[in-house]
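Here is a short report on one protein structure. Look at the sequence and the model first, then read on.

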Amino acid sequence: MMRPFLISLAAVLLAGCASSGPVQTGKDTYMIAKTSGGGMFVSGATVKADLIQEGVAFCAKNGKTLELISGEGKNAIPFARTSSAEISFKCVGG
């Protein structure tokens, strides 16, 4: 009886996070959003840090650096929502 639950729990924990990818919102301005696949075991701050790393890599592809405009991470609430985050940023320099 416990085995199906444990298998399901393991699948959720291993699912990881899927981001929206950078979405252009203006000239050299982007936003990225992500919801955690780790449920209660991943904080909103961790999801936000992942997004910043993704944004840094995105800007670096074009020889630019990330300038964070805003960012918010939300922790999970049991049986209500999973952890999530959203950032807005500019790619500057060059």
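Packing here rests on contact, meaning heavy atoms within 4.5 Å. Buried means under 20% relative accessible area, exposed over 50%, and partly exposed in between (1.4 Å probe, protein chains only). Helices (H or I, at least four residues) and strands (E, at least two) are DSSP runs, numbered from the N terminus.

This is a predicted model, in which local features need pLDDT of at least 70, side-chain atom pairs count only at pLDDT 80 or more, and totals for chains, interfaces and linings use all residues. Residues are numbered from 1 along each chain as its sequence is written, and side-chain values use heavy atoms, with hydrogens and water left out.

**Confidence**

The predictor's confidence in each residue is its pLDDT, from 0 to 100. The protein averages 84. A score of at least 70 is reached by 81% of the residues. Among the elements, strand E5 (residues 84-92) has the highest mean pLDDT, 97. Helix H1 (residues 2-14) has the lowest, 44. Over residues 4-15 pLDDT stays under 50, and the model has seven contacts for them beyond four places in sequence. Where pLDDT is low, the predicted coordinates should not be read in detail.

**Helix H2**

Helix H2 covers residues 44-61, 18 residues in total. From its first C-alpha to its last it reaches 26 Å, close to the 26 Å expected at 1.5 Å a residue. That expected span is 1.5 Å times one less than the number of residues.

Which residues of H2 are buried? They are Gly44, Val47, Leu51, Gly55 and Cys59. They lie on the same side of H2 because they cover an arc of only 110 degrees around the axis. The arc is that of the directions from the helix axis to the C-beta atoms. On the other side of H2, Ala45, Gln53 and Lys61 are exposed. Just after H2 comes Gly63, with a positive phi of about 70 degrees.

**The disulfide**

A disulfide is a pair of cysteine sulfur atoms within 2.5 Å. How many does a search of the whole structure find? It finds one. Cys59 and Cys91 form it, with their sulfur atoms 2.1 Å apart. The pair links distant parts of the chain: Cys59 is in helix H2, Cys91 is in strand E5, and they are 32 residues apart. The link of Cys59 and Cys91 is left-handed, with -75 degrees about the S-S bond.

**Accessibility of single residues**

| Residue | Relative accessibility | Class |
|---|---|---|
| Cys59 | 0% | buried |
| Cys91 | 5% | buried |
| Thr29 | 13% | buried |
| Asp28 | 23% | partly exposed |
| Phe79 | 92% | exposed |

**Loops and a strand residue**

Asp28 is not a glycine, yet has a positive phi of about 55 degrees. Asp28 lies in the loop between strand E2 (23-26) and E3. Phe79 is another residue other than glycine with a positive phi, near 65 degrees. Phe79 is found in the loop between E4 and E5.

Thr29 is in strand E3. What does Thr29 touch, not counting residues up to four places away in sequence? Its partners are Val23, Gln24, Ile69, Phe89 and Lys90.
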